[in-house]
Amino acid sequence: MYHLFKGLYMYATSKEEYSILLLGLDNAGKTTLLEQFKALHSATLHPKLKTVPTVGQNVSTITLPDMYLKIWDVGGQHSLRGLWQSYFASCHAIVFVIDSSDVGDADLTKLGDRNAEDEVDGRLEECRMVLEDVLQHEDTEGVPLLVLANKQDREDCVEVVRIKEGLVRKVFEGEKGGAVRDSRVLPCSALTGTGVKEAVDWLCSRVKWNKEARPPVMR
Ligand SMILES: Nc1nc2c(ncn2[C@@H]2O[C@H](COP(=O)(O)OP(=O)(O)OP(=O)(O)O)[C@@H](O)[C@H]2O)c(=O)[nH]1
Ligand SMILES: [Mg+2]
């Protein structure tokens, strides 16, 4: 009898848990974003906006009414990117964070036609190659992708529509774009918190939508 009640109690109180992987170049704003995610669903927590470059990973679980989101923030420095693939098989969605103030003054239409010396003013090409590598990996096949055009509070930022048309669309249309998947490009500022709720809302709906392909863990 005890076991029956325990089983019923566990069933009634358990929730689905989905893992979200934050990726992007170093300095893109991933750790700052994680702080905003944590603060969004807590009445008392204030986001810790002073960050240091991540060596390794930070992980936090946020509790939503109908699910847990376990968010993995991994270091974006070049030497650490090789570790990302070990998270691919178990994640339910990927957030690729872009520093919108560091993609150059961006004639984004010329992406891919540029010479190396054209890139001194931004990291657009690096961003493109890193995103392509992620999407091309077999373990990310079909995983929903949210691209966040971060740092939209900065005066020198590139608008989200230009990042969408010039970078993300080209990656998807290119031969390294990878398999069909749910994707969205949204603007945000991890510093001010603008756009963070919209990002979480999109992630929640998409992981649920994709749950047959990538089932959640019950907690
Ligand atoms: N203005 C502005 N600054 C931001 C924003 N998001 C992050 N920053 C700043 O950008 C710098 C890097 O932020 P992090 O969150 O540490 O970047 P990261 O992507 O975690 O970097 P790595 O851990 O090295 O991969 C910090 O000085 C942040 O305060 C933003 O939306 N607006
Ligand atoms: Mg970090």
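**Central strands, core and ligand shell of the predicted model**

Both faces of strand β4 are covered: Ala93, Val95, Val97 and Asp99 on one side, and Ile94, Phe96 and Ile98 on the other, are all buried. Here a residue is buried if 20 or more other C-beta atoms, placed from the backbone, lie within 10 Å of its own, exposed if 12 or fewer do, and partly exposed in between. Helices (H or I, at least four residues) and strands (E, at least two) are DSSP runs, numbered from the N terminus. This is a predicted model, in which local features need pLDDT of at least 70 and side-chain atom pairs count only at pLDDT 80 or more, while totals for chains, interfaces and linings use all residues. Residues are numbered from 1 along each chain as its sequence is written, and chains are lettered from A and ligands numbered from 1 in the order in which they are written.

Seven of the seven residues of β4 are buried, so this strand is largely enclosed by the rest of the structure. In a regular strand the side chains alternate between the two faces of the sheet.

The pairing of the strands comes next. Two strands pair if DSSP finds at least two bridges between them. Strand β4 (residues 93-99) pairs with β5 in the parallel sense over six bridges. Within this pairing, Ile94 has Leu145 as its bridge partner in β5, and Asp99 has Asn150. β4 also runs parallel to strand β1 (residues 16-23), to which four bridges join it; Ala93 of β4 is the bridge partner of Ile20. β5 in turn pairs with strand β6 (residues 183-187) in the parallel sense over five bridges, and the partner of Val147 in β6 is Val185. Together, β5, helix α5 (residues 160-173) and β6 make a right-handed β-α-β unit; right-handed here says that, with the strands pointing away from the viewer, the path from the first strand over the helix to the second runs clockwise.

Which residues have the most contacts inside the largest nonpolar core? They are Ile20, Leu22, Ile94, Val95, Phe96 and Ile98, in a core of 48 residues. The elements that give two or more residues to this core are β1, α2, β3 (67-74), β4, α4 (124-136), β5, α5 and α6 (196-209). The largest share, six residues, comes from β4. A nonpolar core is a set of buried Ala, Val, Leu, Ile, Met, Phe, Trp, Tyr and Cys residues joined through C-beta atoms within 7 Å. Leaving aside its neighbours within four places in sequence, Ile94 is in contact with Leu21, Leu23, Val134, Thr140, Val143 and Leu145, where contact is counted for C-beta atoms, placed from the backbone, within 7 Å.

Ligand 1 is surrounded by 22 residues, and the closest are Gly29, Thr31, Thr51, Thr54 and Gly76. A residue counts as near the ligand if its C-beta atom, placed from the backbone, lies within 6 Å of it. Helix α2 (residues 30-40) gives the largest share of this shell, three residues. By class, the shell has five nonpolar, twelve polar and five charged residues; Ala, Val, Leu, Ile, Met, Phe, Trp, Tyr, Cys and Pro count as nonpolar, Asp, Glu, Lys and Arg as charged, and the others, Gly among them, as polar.

Two loop residues other than glycine have a positive phi. Asn27, in the loop between β1 and α2, has phi near 75°, and with 16 C-beta neighbours inside 10 Å it counts as partly exposed. Lys151, in the loop between β5 and α5, has phi near 65°. Is Lys151 buried or exposed? Lys151 is buried, with 25 other C-beta atoms within 10 Å.

Met67, in strand β3, and Pro216, in the loop between α6 and β7 (217-218), are 149 residues apart in sequence and 9.4 Å apart in space, C-alpha to C-alpha. Met67 is partly exposed, with 17 other C-beta atoms within 10 Å, and Pro216 is partly exposed, with 18. Not counting residues up to four places away in sequence, Met67 touches Lys15, Glu16, Glu17, Tyr18 and Cys204, while Pro216 touches Glu16, Glu17, Tyr18, His92 and Lys211.

Conventions:
Two residues are in contact if their C-beta atoms, placed from the backbone, lie within 7 Å.
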